[in-house]
Amino acid sequence: MMISKQARQRLELGLVYLILILVTVVMISPIYWTFVTAFKEPRDAFTFPPKYLPFIQFKPSLFAWKDVGLIKDPTQRGTHDPTAILNALQNSVIIALGSTLVSIVLGSLAAYGLARFEFRRWKNRDIAFFILSQRMLPPIVLVIPYFVLYNWLGLLDTRPGMIIAHTVANLPFVVWIMRGFFRGIPQELEESARVDGCSYFQAFCKITLPLSLPGLAATSAFTIVFSWNELLFATTLTFNRAKTFPTLIAGLTHSGAALWWDISAMLLLALVPVFVFTILLQRYIVTGLTLGALK
């Protein structure tokens with residue numbers, strides 16, 4: 001049986017939509033599971049087969065939010081200390097913003113130097129690859145040296161120590177990405193500024209930096225998400241004072257069992273800062289990713 005061209009196009013379009021729907025379901029299902037579990041009581045979280053439909057299979061409850069102390073209820077005694085949760089959240093915000101700011105400033109200056117100047121002893125390409133190679137090391141290799149060095153310097157369980165560790169991890173990524181953005185900006189614009197009396201640094205601040213804002217926003221989004229979600233260094237280098245939010249969530253157990261309802265509530269809370277940051281910089285991030293894709 002012969003299929004017309006129009007019918008074949010409709011069949012192909014339907015197949016594409018079916019694949020997109022399946023991919024979307026796979027991508028969203030963990031977030032949906034987290035969302036519904038955050039509003040379950042313990043007896044609903046451990047049932048089999050699992051209950052996924054609120055108001056149909058189970059009655060939504062604020063038990064988890066009261067249990068972690070985010071909602072005050074004198075009739076329910078929380079399992080966790082709200083002060084410790086807020087301290088961990090504050091530590092994560094400060095460490096993520098601090099490491100992103102420092103890595104963006106230092107990495108952008110290094111990337112600008114590699115994009116605009118030719119080094120004599122080593123080629124720029126070799127220097128850039130050496131910087132990127134630092135990111136190829138498995139983080140677990142660096143944990144013990146970091147622990148010994150931080151113990152000697154008194155940086156264990158401190159916010160500056162975590163900011164330094166995350167900055168070192170983010171710098172190769174920032175240098176490599178921003179070098180590509182700076183190379184895409186016409187050098188003639190900076191030469192015109194220098195003809196008008198600007199120094200190299202003034203031309204960088206007044207001409208190159210404003211034009212590279214989309215790249216800075218996209219790179220900042222990647223670095224802040226890495227720092228916000230980082231667990232290995234936080235688990236090894238912090239104990240109490242500088243404990244981050246992912247470390248606190250990973251330790252939400254009671255008598256050896258995971259408290260899935262509490263973990264889900266905390267995970268939803270952990271999504272909020274990154275979601276707000278992404279929404280605020282969405283226009284710059286999309287522009288930056290598009291420019292990076294076209295180069």
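In the protein chain, 68% of the contacts between residues at least 6 apart in sequence join residues at least 24 apart. Contact means heavy atoms within 4.5 Å. This is a predicted model: local features need pLDDT of at least 70, side-chain atom pairs count only at pLDDT 80 or more, and totals for chains, interfaces and linings use all residues. Residues are numbered from 1 along each chain as its sequence is written, and side-chain values use heavy atoms, with hydrogens and water left out.

**Overall shape**

- The protein chain has 14 helices and two strands. These are DSSP runs numbered from the N terminus: helices are H or I with at least four residues, strands are E with at least two.
- The radius of gyration is 25 Å, well over the 19 Å that the globule rule gives for 295 residues, so the chain is more spread out than a compact globule. The radius is taken over C-alpha atoms, and the rule is 2.2 Å times the number of residues to the power 0.38.
- Along the principal axes, the C-alpha atoms fill a box of roughly 75 × 70 × 35 Å.

**Surface and burial**

- Of the 295 residues, 36% count as buried. Buried means under 20% relative accessible area, exposed over 50%, and partly exposed in between (1.4 Å probe, protein chains only).
- The chain exposes about 18,300 Å², and carbon and sulfur atoms supply 70% of that area. Accessible areas come from the Shrake-Rupley method with a 1.4 Å probe; for residues, only the protein chains shown count as cover.

**Arg116**

- Arg116 lies in helix α4 (residues 82-116). Arg116 is buried, with a relative accessible area of 13%.
- Neighbours within four places in sequence aside, Arg116 contacts Phe182, Arg183, Ile185, Pro186, Gln187 and Glu190.
- The Arg116 side chain reaches the backbone oxygen of Phe182 at 3.1 Å. A polar contact is a pair of N or O atoms within 3.5 Å; within protein, one must be able to donate a hydrogen and the other to accept it, and residues adjacent in sequence count only if both atoms are side-chain atoms.
- Arg116 and Arg179 are 63 residues apart along the chain, with their C-alpha atoms separated by 9.2 Å.

**Thr158**

- Thr158 sits in the loop between α6 (139-153) and α7 (159-184). Thr158 is buried, at a relative accessible area of 16%.
- A polar atom of the Thr158 side chain lies 3.2 Å from the backbone nitrogen of Gly161.
- Beyond neighbours within four places in sequence, Thr158 is in contact with Arg241 and Ala242.
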